[in-house]
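Subject: Handover of a structure and its description

Dear colleague,

Please find the structure below, followed by a description of what was found in it. I would be grateful if you read the two side by side.

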Amino acid sequence: QLGNPVVNHRAGSYFVIDGQHRIAALKEWLGDGWETQHVQCEVYEGMSEADEAEVFLKRNDALAVQAYPKFRVAVQAGRSDEVDIDKIVRQCGLRVSQEKSNGAVSAVGTLVRVYRRSDPQTLARTLLLIRDAYGDAGLEAIVIDGLGLLCHRYNGDLDDTRLVKRLGDAHAGVNGLLNKAEVLRNQTGNPKAHCVAAAAVEIYNGSRGGKKLPSWWRSGDAE
């Protein structure tokens with residue numbers, strides 16, 4: 001009833017590709033001495049680590065595999081988008097990790113969305129703006145998504161130095177941005193990420209002098 005774990009025989013050892021939880025359950029069920037028991041597996045021979053990762057992705061394509069481990073496996077498999085995103089994050093002085101500090105970014109689904117919606121440069125710019133304005137506190141999915149929309153739409157009209165200063169100096173920091181976005185969401189009914197972008201525009205335009213950005217709501221439909 002557990003099904004057969006999938007393994008790869010490489011360099012004299014068997015590496016589990018798919019079925020780690022099933023093997024853990026078998027160890028519990030077998031109890032002491034499980035190391036001397038045998039279990040039937042589906043076996044590949046001589047695949048590389050990248051091949052193992054690719055097989056995992058293909059076999060789990062129709063299953064609800066969590067975004068973070070799937071992203072890490074995709075990087076291991078050498079998939080171009082995920083490899084490039086991981087590289088961009090590291091070039092920004094950050095890292096893809098599920099930890100909650102020290103430049104860790106765990107919102108891999110949002111990273112992929114910003115990357116594919118715009119381009120690599122927009123993703124890098126978004127992460128740098130958040131890092132410099134808010135530090136670790138800003139590296140949340142909704143902030144990345146919202147400021148990614150902002151960078152995508154205004155592009156050359158946006159003064160990054162001014163935005164970092166305005167966001168960083170605003171009352172309550174990233175929480176102030178999110179609170180303002182929540183007010184806009186209640187008023188307009190628009191998606192939260194677009195409201196984050198709109199709130200950032202309001203904060204950006206709040207200082208005296210300098211070129212103002214058009215209102216988010218007046219610059220065309222959300223993209």
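In what order do the three strands of the open sheet lie? The order is E2-E1-E3, with mixed pairing. Strands here are DSSP runs of E of at least two residues, helices are runs of H or I of at least four residues, and both are numbered from the N terminus. Two strands pair if DSSP finds at least two bridges between them.

Please note that this is a predicted model, in which local features need pLDDT of at least 70 and side-chain atom pairs count only at pLDDT 80 or more, while totals for chains, interfaces and linings use all residues. Residues are numbered from 1 along each chain as its sequence is written, and side-chain values use heavy atoms, with hydrogens and water left out.

Strand E1 (residues 6-10) runs parallel to E3, and four bridges join them. Val7, for example, has Val43 in E3 as its bridge partner. Helix H2 (residues 49-59) packs on this sheet and touches E1, E2 and E3, where contact means heavy atoms within 4.5 Å. The direction of H2 makes about 30° with that of E2; axes are lines fitted to C-alpha atoms, for helices over the stretch in contact, and angles run from 0 to 180 degrees between N-to-C directions.

**Helix H7**

Eleven of the 14 residues of H7 are buried, so this helix is largely enclosed by the rest of the structure. Buried means under 20% relative accessible area, exposed over 50%, and partly exposed in between (1.4 Å probe, protein chains only). Among the buried residues are Ile144, Asp145, Leu150 and Arg153. Their cover includes strand E5 (104-105), helix H5 (108-117) and helix H6 (120-134). After H7 comes Asn155, whose phi is positive, near 40°.

**The nonpolar cores**

A nonpolar core is a set of buried Ala, Val, Leu, Ile, Met, Phe, Trp, Tyr and Cys residues joined through side-chain atoms within 4.5 Å. The largest has 50 residues, of which Leu111, Leu127, Leu150, Leu158 and Leu167 touch the most other members. Helix H10 gives the largest share of this core, ten residues. Beyond its neighbours within four places in sequence, Leu127 is in contact with Ile88, Val89, Cys92, Leu94, Leu111 and Ile144. A second, separate core of nine residues includes Val6, Ile17, Ala53 and Ala74.

With kind regards
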